[in-house]
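Please keep the sequence and the structure in view while reading.

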Amino acid sequence: MMKKKYLSAVVAVMAAATLAAPASATAGTMTTGTATVADAARSSAAAPDTAPETRTTPSKAPVQNTPVRTVRPGERVDAGQGWTVWLTKQGKYWSGPDGYENFRSVVDGNIDRSQPGVSHQSEGGESGVFHSGLYYGTRAAGRVELTGADGRKTLATLVALPGRSDWGVWYVHTAPTQGGSPAVALYDRSGKLLADLPAWDF
């Protein structure tokens with residue numbers, strides 16, 4: 001009787017072990033699967049971001065050109081505030097409120113029209129300054145720009161004789177200054193700097 005009880009107990013223990021085995025195996029598989037997912041997540045987090053970097057190139061501001069006004073030889077141009085400008089084949093003429101006439105030649109050899117250049121004359125007082133000059137050596141003048149000591153830029157008016165002349169005259173008014181002369185720059189129609197004069201103090 002004792003032997004039967006002992007055998008029944010052994011059988012019961014073995015059956016319990018057999019029933020428990022699949023559950024244990026299943027639990028092991030679940031644990032392994034969870035570890036794999038966690039590893040993949042860590043691997044994904046550690047991997048460098050390979051998405052292409054988006055770069056935005058700022059658009060270039062359009063070139064602000066000044067139309068060149070074509071004038072007849074000797075035609076008087078009202079430059080404002082009592083100033084007058086006119087051109088002949090010999091060069092640039094201008095007069096101020098006092099009526100006194102000035103002249104700058106383009107044919108006396110003082111400028112080299114074989115290459116771009118710019119000149120500058122200025123007159124004025126407490127009420128303001130009248131700036132003018134020649135630009136030359138190019139048939140593609142886009143603008144003449146003055147830059148004051150404070151960095152302020154002022155565009156000049158351009159005038160030239162008919163026939164796509166390789167020279168012309170520029171002029172502009174600015175506020176009075178405490179001394180010195182602004183920088184002057186000549187650009188072509190594409191915005192390329194052709195010639196410049198640095199600022200200087202009196």
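In this predicted model, strand 7 and strand 8 form a hairpin, with two residues between them. Strand 7 covers residues 121–125, and five bridges join it to strand 8 in an antiparallel arrangement. Within this pairing, Gly-124 stands opposite Val-129 of strand 8.

With strand 6, residues 117–118, strand 8 pairs in the antiparallel sense over two bridges; here Val-118 stands opposite Tyr-135. Strand 12, residues 167–174, also runs antiparallel to strand 8, and eight bridges join the two.

Attention may now turn to charged side chains. The structure holds five salt bridges. In one of them, the side chains of Asp-166 and Arg-113 meet at 2.8 Å, N to O. Asp-166 lies in the loop between strand 11 (157–160) and strand 12, whereas Arg-113 lies in the loop between strand 5 (101–105) and strand 6, so the pair ties together parts that are 53 residues apart in sequence. The two partners can also be described by their accessibility. Asp-166 has a relative accessible area of 13%, and because buried means under 20%, Asp-166 is buried. Arg-113, at 28% relative accessibility, counts as partly exposed.

Glu-145 takes part in two of the contacts described next. Arg-143 forms a salt bridge with Glu-145, in which the closest N and O atoms are 3.4 Å apart. Glu-145 also forms a salt bridge with Lys-153, and there the closest N and O atoms are 3.8 Å apart. Is Lys-153 buried or exposed? Lys-153 is exposed, with a relative accessible area of 52%. Glu-145, by contrast, counts as buried at 10% relative accessibility, and Arg-143 is buried as well.

Finally, Arg-69, Arg-72 and Glu-75 are linked in a network of salt bridges.

Conventions. Residues numbered from 1 in each chain as written. Predicted model: local features only at pLDDT ≥ 70, side-chain atom pairs only at ≥ 80, totals over all residues. Heavy atoms only, no water. Pairing = 2+ DSSP bridges. Helix = DSSP H or I, 4+ residues; strand = E, 2+ residues; numbered from the N terminus. Salt bridge = Lys/Arg side-chain N within 4 Å of Asp/Glu carboxyl O. Buried < 20%, exposed > 50% of the residue type's maximum accessible area, 1.4 Å probe, protein only.
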